[in-house]
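Student: Before we discuss any single feature, I would like to go through the terms one at a time, setting each value against its definition.

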Amino acid sequence: MSWKKALIALSGCLAVGAFLWFDLGRFLTLEALKANRQSLIAYHASHRALMVAGFMAVYIIQTALSLPGAAVLSLAAGAIFGSLMGTVYANSAATIGATLAFLVTRYLLRDAIQNRFGTRLETMNRELETRGFNYLLFLRLVPLFPFFLINLAAGLTRLPLRTFVLGTMIGIIPGGFVYVNAGASLAGITSLSGIASPRVLGSFALLGLFALLPVLYNRLKAGSPPPSPPPKS
């Protein structure tokens, strides 16, 4: 590993270590958000641009370092900025943070993974290069797959950067809006687990399946036998 890669890896480890050492996660809880909501709203009223920039910076860092707290930050976006603009800010920050995690993982580890397992991954890489958007959209829409793991795993493949950014930006809109919209009515929330109902999760899964329909169609089409030639007269 070159000294540049080592420095980036060390910086990331130190940042995560500082987060854990100073117990900064205590500020990213539902209780802390409820206790400080009015202060945050008041600060936003007098320092709008600074509040938006600060919020997005925190969200980007949290996502890029794969730290806990994304759900609370999405609730905070709704509580402070409202459902519409909160979704815009949270979605933009999450996409930027995910892209940073994707790029860092690709820079640090992809070459080593491809050199070691390149022949085994060739089929998957070709599939991702052509239909990666559909796969990524499915993974983003279906809430069974951890957000940060998708960022890291995608960085190890040859999935195009543009596809990753676009698939992430679109795929996280439904889930992000659910949490941001819930944050706009923060007083009625008692736990994070109760925000997304089974019906909502089922709707996301259905959207994810729709995203895979073109892939399934192409696979079925490729596996079907060629049409028989017309009989000779």
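Tutor: A search of the whole structure finds four salt bridges, a salt bridge being a side-chain nitrogen of Lys or Arg within 4 Å of a carboxyl oxygen of Asp or Glu. The model is a predicted one, in which local features need pLDDT of at least 70 and side-chain atom pairs count only at pLDDT 80 or more, whereas totals for chains, interfaces and linings use all residues. Residues are numbered from 1 along each chain as its sequence is written, and side-chain values use heavy atoms, with hydrogens and water left out.

Student: What makes the pair Glu-122 and Arg-126 a salt bridge?

Tutor: The N to O distance between their side chains is 3.8 Å, and because the definition asks for a nitrogen and a carboxyl oxygen within 4 Å, the pair qualifies. Glu-122 and Arg-126 are four residues apart in helix α5, and so are separated by about one helical turn; helices here are DSSP runs of H or I with at least four residues, strands are runs of E with at least two, and both are numbered from the N terminus.

Student: Which parts of the chain does the salt bridge between Glu-122 and Arg-158 tie together?

Tutor: In this bridge the closest N and O atoms are 3.0 Å apart. Glu-122 lies in helix α5 and Arg-158 in the loop between α6 (147–155) and α7 (161–171), so the pair links parts that are 36 residues apart in sequence.

Student: Why is Glu-127 called buried, whereas Arg-131 is called partly exposed?

Tutor: Buried means under 20% relative accessible area, exposed means over 50%, and partly exposed covers what is in between, with a 1.4 Å probe and protein chains only. Glu-127 has 17% relative accessibility and therefore counts as buried, while Arg-131, with a relative accessible area of 24%, is partly exposed. These two residues also form a salt bridge, with the closest N and O atoms 3.3 Å apart, and both lie in helix α5, four residues from each other, about one turn of the helix. Salt bridges that share partners join Glu-122, Arg-126, Glu-129 and Arg-158 into one network.

Student: How do you know that α4 is largely enclosed by the rest of the structure?

Tutor: Of its 12 residues, 10 are buried, so the helix is largely enclosed; among them are Val-72, Leu-75, Ile-80 and Phe-81. Helix α4 (residues 70–81) reaches 16 Å from its first C-alpha to its last, close to the 16 Å expected at 1.5 Å a residue, where the expected span is 1.5 Å times one less than the number of residues.

Student: What makes a group of residues a nonpolar core, and which residues touch the most other members of the largest one?

Tutor: A nonpolar core is a set of buried Ala, Val, Leu, Ile, Met, Phe, Trp, Tyr and Cys residues joined through side-chain atoms within 4.5 Å. In the largest such core, of 31 residues, Phe-55, Tyr-59, Leu-75, Phe-81 and Ile-189 touch the most other members. The largest share of this core, eight residues, comes from α4. Apart from it lies another core, of eight residues, including Phe-102 and Phe-164.

Student: How do you know that Gln-62 is buried, and which residues is Gln-62 in contact with?

Tutor: Gln-62, which is found in helix α3, has a relative accessible area of 6% and is therefore buried. Leaving aside neighbours within four places in sequence, Gln-62 is in contact with Leu-67, Pro-68, Gly-69, Ala-70 and Leu-73, contact meaning heavy atoms within 4.5 Å.
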